[in-house]
Amino acid sequence: MTSRQRSAESNSLSPRRRTVVKAAAATAVLAAPLAAALPARAADEAPAFLHGVASGDPLPDGILLWTRVTPTTEAVPGSGLGPDTEVGWVVAKDKAFTTVVAKGSVTATAASDHTVKADVRGLTPATDYWFRFSAGGTESPAARTRTAPASDAAVANLRFGVVSCANWEAGYFSSYRHLAARGDLDAWLHLGDYIYEYGTGEYGTRDTVVRQHAPAHEILTLADYRIRHGKYKTDPDLQALHLKAPVIAIWDDHEFANDAWSGGAENHTEGTEGAWAARQTAAKQAYFEWMPVRPAIAGTTYRRLRFGKLADLSLLDLRSFRSQQVAVGNGSVDDPDRTLTGRAQLDWLKAGLKSSDTTWRLVGNSVMISPFAIGSLSADLLKPLAELLGLPKEGLALNTDQWDGYTDDRRELLAHLRSHAIRNTVFLTGDIHMAWANDVPVDAGTYPLSASAATEFVVTSVTSDNLDDLLKVPQGTVTALAAPVIQVANRHVHWVDTDRHGYGVLDITADRAQMDYYVLSDKTKANATSSWARSYRTRTGTQKVERTYTPV
């Protein structure tokens, strides 16, 4: 993500002070914040499943199951404590577990922070299953999951929840609760920033920490990242969604540190905060321990899933291989030696899009690919928008953390789509804390006279700050003023909502891919309601977005 606001404690846009963790902190001290947050348990109590259960990365014949067992009271996340514990798992066709189709066991150890995964195969395509774990006589909650359709299956419909950017301290995860309540999702996509790395009060909370995360300091070490992941997994709304459908997740920068790139991050001071390579390694290890995600090529999150003949989904890692971001206005954004994807990943993406025989080609994309120019915004709107996007206050039209900062990669990819007549490519994007519906033009400067190579649906944040938060005004205030100006300067943008928080529901048929955008009443309220805001679709063969007036 971009270099957004550094301070949640004032309305100024000055850099926030970074908290430094002392390297000599004892393991018990590191673990204490989360231990205090967990339910009290007797010393002789049986193992517990305090962090829920989850599934992910559905295949036609398989699913990845996940949980974390707490074998003893002191064995909290990041502690390094607790005995090896045998954890059983079972998969059934029914919630009562009368028809068991697979079962097994795996050992949870302190070396993996007592997280476990079971990559279950031999299942039936396009089928609902129920699963649960057990340890020492204790059973986890039962959860629903679903396999993908067979690769050659004719699929009438797919439906995915779509979310990104969940800052624990800024509010409650009501978006997850409302998605869980639907009961109609084949899976849900998390497009990055599942966790945030900042210390308490250091990142966007409208001057109020709604609920404090753990640990209180900025996370730097493996223990820190484990504690933070563990804290997130105690959220009841997040647990509820993991109970209802498999997740398909990629990371963005805050799973590591703000504006991460292959050799560092804006929110990392080499030396003072240790070596970047060590911090990156720790963050990746904790992520793969705590997320139901299969490590893919080179231990990253770029991989591809297929859903019958209807759609395939190429999932990108836009942090591990990228060149460092450059200053706005620097001509090196066009330098062909700079890359967002890395050569191997870009070649992999191009080859997959070209060879795809599905109706739709979905791309899970953590930062916006559509070009964005600010245009002539008034000073009072320009400053917070510039801060949100990491732009200079004078308003140059560029966000160098997204594809705008790596124009050669984008040019090559879009030219590939055009030259090979690759249709129905839809980018699904998070990161920017706003909702957008865009055509992806080959040449933004001449659009709409130039062609559109693809379309893009961008979902807003679950809780992370957007423009109304930065200005501390009611929801919708800024959108009414800024959206028309943004659209005049960006003719490929069909809609932008700069203010509200929520989620998307992507519904796909052979004829169209439609994104329904939902917004929350108040992210600071645990019982926030959800309402439909807008819907946009792209019809097959058009490479254009159009508004539609009812959700699916």
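The charged end of R211 sits over the ring of W168, and R304 lies over the face of W348; a charge sits over a ring if NZ of Lys or CZ of Arg is within 6 Å of the ring centre and within 35 degrees of the ring normal. The model is predicted, with local features needing pLDDT of at least 70 and side-chain atom pairs pLDDT 80 or more, while totals for chains, interfaces and linings use all residues. Residues are numbered from 1 along each chain as its sequence is written, and side-chain values use heavy atoms, leaving out hydrogens and water.

| Charged residue | Ring | Distance to ring centre |
|---|---|---|
| R211 | W168 | 3.8 Å |
| R304 | W348 | 4.0 Å |

W168 also belongs to one aromatic cluster, together with F173, Y176, W188, Y194 and Y232.

The structure holds 21 aromatic pairs, where rings of Phe, Tyr and Trp (its six-membered ring) pair if their centres lie within 6.5 Å, and planes under 30 degrees apart count as stacked, over 60 as edge-to-face and the rest as tilted. The rings of Y503 and Y518 are stacked, because their centres are 5.2 Å apart and their planes are at 5°. This pair links distant parts of the chain, 15 residues apart, with Y503 in strand 19 (residues 502-508) and Y518 in strand 20 (residues 512-520); strands are DSSP runs (E, at least two residues), numbered from the N terminus, as are helices (H or I, at least four). Y503 is buried, with a relative accessible area of 4%, and Y518 is buried at 12%, where buried means under 20% relative accessible area, exposed over 50% and partly exposed in between (1.4 Å probe, protein chains only).
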